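Please look through the sequence and the coordinates shown here before reading on.

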Protein chains: 2
Amino acid sequence: MEQHIRSAFDHDLEAAQANVMRLGGLVEQALLDAAEALEARDSALAERVRAGDAAIDGLDELIQADCARIIALRAPTASDLRVVLSVMRVSSGLERCGDYAKNLAKRALVLMNGPQVAGTAASIRRMAREVVALLRDALNAYARRDIALALEVRDRDRDVDQMYNALFREFVTHMLEDPRTITPCMHLHFIAKNIERVGDHATGIAEQVVYLVGGAMPTDERPKVDSVLPDHG
Amino acid sequence: MEQHIRSAFDHDLEAAQANVMRLGGLVEQALLDAAEALEARDSALAERVRAGDAAIDGLDELIQADCARIIALRAPTASDLRVVLSVMRVSSGLERCGDYAKNLAKRALVLMNGPQVAGTAASIRRMAREVVALLRDALNAYARRDIALALEVRDRDRDVDQMYNALFREFVTHMLEDPRTITPCMHLHFIAKNIERVGDHATGIAEQVVYLVGGAMPTDERPKVDSVLPDHG
């Protein structure tokens, strides 16, 4: 009987985790598509990303409901409960990353109507690719409970922070040189900040791996490089 | 026995909900203090807000742990579980609002070293007061399961969105007129956006009330006014 309960719990949990991986795939693609739409000024692609956010929200809601059902039906032990709660947390984080992709797509549509700011869309796209690779590794680390990969993700988030800082300076330079770039640069700045936040979510997922395997969150502050602000928490 | 289990659950849940209200109080004060530090160029106050974020994070962690313990020990029914999960969600949202206050305090410290941008700090402070009142009402609606107040909060978030839009235009005007205001205005723009996000969290809490009392999230899109972006989800 204990065996039976155990395998029913495992079965339900695996299904929920598989949905989280699917959700991760949708979010990664949305981010890449939104960044491509921005660079290529492709309004149809931007519209597809916007419309696609409903599927991301729906999948997160399904995962939340499934997890609540697992808790209610299976009454998991403390350590199993910890896993279910972490699945809910990872899913919420991915849903928020989907919102950033949708926001990027919306801003891309606005930016298409204005002047191009030389080189910035390409920089944003490079940053988006970097952060999607980070998110993918974070989810793989999560699925495999791979602590080494999780710690690597935390370190690599530093590169994303540096890309953001470089872009911030690039935007200020453009705005100083040509006031017509002020409004587009304010949108581009938000886009860069939101992509940087996706990196923070990837780090958050990596920290869940440490929490699940080790039982506690990593105590040392994660590295964060941000020369724009005086200190970086 | 059933009675005994019931009251133990209620007792635990009330303690967790009381902590959420305390957390809300800390977050409200942090937002008000950070906005005041910005306007008064009070670095000591800004530093206190930054340092105070650890207490906010700690209280959220306590609430999350208490709720996980309630679920594990009391094995709540589906509808009780829904309440516990909503407490966890509200607490996470408040913790994120605390991060916005901390970020505002950090940016206030940066802005103190640069030129003042006429009138903007006062506008930010007015917006912060508006949003803190909104958050307070959202938490009161949550504590009392007051749907009428919750729906009013959703509507009033529209005013916060409008304040943000007005500020966005104000910043662009300053930057066009005086390029020395470009860097401070980029920080001020982030501050305004983060305060607007606190309003979104207040709306999120209000929607939890509808969900808890009515059993489903409100289906109509909440009103959102944002003339900066083409559409407002």
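Predicted model: local features only at pLDDT ≥ 70, side-chain atom pairs only at ≥ 80, totals over all residues.

Two copies of a chain are related by a rotation about an axis and a shift along it. Here, chain B can be laid on chain A by a turn of 180 degrees with a shift of 0.0 Å along the axis, and the RMSD of that superposition is 0.0 Å; this is the relation of a two-fold axis. Within chain B, the C-alpha that lies nearest the axis belongs to Ala75(B), at 3.0 Å from it. Both copies use the same surface, since 100% of the contact residues of chain B recur in chain A.

The interface itself brings 35 residues of chain B into contact with 35 residues of chain A. About 3200 Å² of area is buried between chain B and chain A, and carbon and sulfur atoms give 72% of it. On the side of chain B that touches chain A, helices α2 (43-74), α3 (78-111), α5 (147-177) and α6 (182-214) of chain B each supply at least two residues, and the residues of that side divide into 20 nonpolar, seven polar and eight charged.

Over all chains, however, the structure holds 26 salt bridges. One of them joins the side chains of Glu39(A) and Arg125(A), with a distance of 3.0 Å from N to O; because Glu39(A) lies in helix α1 (residues 2-40) of chain A and Arg125(A) in helix α4 (residues 120-144) of chain A, the pair ties together parts that are 86 residues apart in sequence. Glu39(A) is partly exposed, its relative accessible area being 32%.

Another salt bridge in chain A is formed by Lys102(A) with Asp53(A), whose closest N and O atoms are 3.9 Å apart. This pair also links distant parts of the chain, with Lys102(A) in helix α3 (residues 78-111) of chain A and Asp53(A) in helix α2 (residues 43-74) of chain A, 49 residues apart. Both Lys102(A) and Asp53(A) are buried.

In chain B, the side chains of Arg69(B) and Asp66(B) meet in a salt bridge at 3.0 Å, N to O. Arg69(B) and Asp66(B) are three residues apart in helix α2 of chain B, and so are separated by about one helical turn. Arg69(B) is partly exposed, with a relative accessible area of 47%.

Conventions:
Residues numbered from 1 in each chain as written. Chains lettered and ligands numbered in written order. Heavy atoms only, no water. Least-squares fit on C-alpha atoms with pLDDT ≥ 70 in both. Contact = heavy atoms within 4.5 Å. Buried area = accessible area lost by both parts, 1.4 Å probe. Helix = DSSP H or I, 4+ residues; strand = E, 2+ residues; numbered from the N terminus. Nonpolar A, V, L, I, M, F, W, Y, C, P; charged D, E, K, R; others polar. Salt bridge = Lys/Arg side-chain N within 4 Å of Asp/Glu carboxyl O. Buried < 20%, exposed > 50% of the residue type's maximum accessible area, 1.4 Å probe, protein only.
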